[in-house]
Amino acid sequence: MNSEYVFTLSCPDRLGIVALVSDVFYRNGAFITEVSNYSDQQSRRFFLRFVFDDRQLGCTIEEFGAHLARLAAELDLDYRFRPLAARQRVLIAVSKYDHCLNVLLNRWKSGVLPIDVTGVVSNHADCRSLVEWYGIPYHHFPVSRETRHEQEQQILDLMRAERVDLLVLARYMQILSDGMCRQLAGRAINIHHSFLPGFKGAKPYHQAYERGVKVIGATAHYVTSDLDEDRSSCRRSSASITRSRSSRWCTWGTIQSPPRSPRRCVCTSPSAWY
């Protein structure tokens, strides 16, 4: 049976990147089955994602990895290379509202989301019973203005201890500090209940409803130090609304499509293409 792998890269944009990378795959018999690429005009960086298998690989996978490392050094590539079947270890952060959390846990439990949920962290105790019903550890880390740094360090320590690949903010109503955002660059996703950047901050659906917006939805974007500003949206879900539907209905209705599995995200950030 063939083994499948994912190769992702980002680098300064230039002519011939696809050709040079593809040539290494061709010469070593790496059989490409999926290709995605994107050139970001603002950052002037190029992003590429290959899924490939070893059906005709002419060397060991370790030797092929060494070929990729040499290519990366020559072309100044930031790259990742891993088995496709490797499951991401995910920590979910939540505050009081459990609708995003419940959808994620339900789809994880049913096997729709191929991830390993290592636990749920929260600044409140409201969601403990739900999380423990799923048999998942619940970590209650209260926070105040004075203890913000210590509480964020608790989360980072937990992520290291549990070898967490990805932090998912599922209605976690705390703004992460710039320092934490830098430490988690490319490793934290925020499920945001509005089409960014139209309605930012508190109660975005209420804002949209009051402005008469007829189509709104949810996005999942990578966390940066700029509040709700990352353009690397992993997934968008939308719903048409009328005046007969409340903003609360909209919040629930559009979160029914959670972000795709981290290994399947295709975004403008290299770390987004797991």
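Buried residues are those under 20% relative accessible area, exposed ones are over 50%, and partly exposed ones lie in between, as computed with a 1.4 Å probe on protein chains only; by this rule Asp-23, with a relative accessible area of 33%, is partly exposed. This is a predicted model, in which local features need pLDDT of at least 70 and side-chain atom pairs count only at pLDDT 80 or more, whereas totals for chains, interfaces and linings use all residues. Residues are numbered from 1 along each chain as its sequence is written, and side-chain values use heavy atoms, with hydrogens and water left out. Helices (H or I, at least four residues) and strands (E, at least two) are DSSP runs, numbered from the N terminus.

**The antiparallel sheet**

- An open sheet of 4 strands, in the order β2-β3-β1-β4, is built with antiparallel pairing, where two strands pair if DSSP finds at least two bridges between them.
- Because β2 and β4 (78–83) stand at the edges with a single partner strand each, one side of each is left without a neighbour in the sheet.
- Neighbouring strands of this sheet are turned by 10° against each other on average, direction ignored; axes here are lines fitted to C-alpha atoms, for helices over the stretch in contact, and angles run from 0 to 180 degrees between N-to-C directions.
- Strands β1 and β3 run antiparallel and are joined by 9 bridges, and Glu-4 stands opposite Asp-53 in β3.

**Helices lying across this sheet**

- Helix α1 lies across β1, β2 and β3 and runs at about 20° to β3, while α2 lies across β1, β3 and β4 and runs at about 170° to β4.
- In helix α1 (residues 17–27), the residues Ile-17, Val-21, Val-24 and Phe-25 are buried.
- Seen down the axis of α1, its buried residues fall within an arc of 100°, so they line one face of the helix; the arc is that of the directions from the helix axis to the C-beta atoms.
- The buried residues of α1 are covered by elements that include β1 (4–12), β2 (31–40), β3 (45–53) and α2 (61–75), with contact meaning heavy atoms within 4.5 Å.
- On the other side of α1, Ala-19, Tyr-26 and Arg-27 are exposed, and just after this helix Gly-29 takes a positive phi of about 75°.

**Parallel strands and their crossovers**

- Strand β5 (residues 88–94) pairs with β6 in the parallel sense over 7 bridges, and within this pairing Leu-91 stands opposite Gly-119 in β6.
- Strand β6 also pairs in the parallel sense with strand β7 (residues 138–140), over 3 bridges, where Val-120 stands opposite Tyr-138 in β7.
- From β6 the chain crosses through helix α4 (residues 128–133) to β7, and this β-α-β crossover is right-handed; a crossover is right-handed if, with the strands pointing away from the viewer, the path from the first strand over the helix to the second runs clockwise.
- A right-handed β-α-β unit is likewise made by β5, helix α3 (residues 99–109) and β6.
- Strand β6 (residues 115–122) is mostly covered, with 7 of its 8 residues buried.
- Thr-118 is found in strand β6 and counts as buried at 11% relative accessibility.
- Leaving aside its neighbours within four places in sequence, Thr-118 is in contact with Arg-89, Val-90, Leu-91, Pro-137, Glu-162 and Val-164.

**Salt bridges**

- The count comes to 9 salt bridges, a salt bridge being a side-chain nitrogen of Lys or Arg within 4 Å of a carboxyl oxygen of Asp or Glu.
- Arg-27 forms a salt bridge with Asp-23, with the closest N and O atoms 2.7 Å apart, and both residues lie in helix α1, 4 residues apart, about one turn of the helix.
- In this pair Arg-27 is exposed, with a relative accessible area of 55%, whereas Asp-23 is partly exposed.
- Asp-53 forms a salt bridge with Arg-55, the closest N and O atoms being 2.6 Å apart; Asp-53 is buried, with a relative accessible area of 3%, while Arg-55 counts as partly exposed at 42% relative accessibility.
- In helix α5 (residues 148–161), Arg-160 and Asp-157 lie 3 residues apart, about one turn of the helix, and their side chains meet in a salt bridge (2.7 Å, N to O).
- Arg-160 counts as exposed at 51% relative accessibility, and Asp-157 is partly exposed, with a relative accessible area of 39%.
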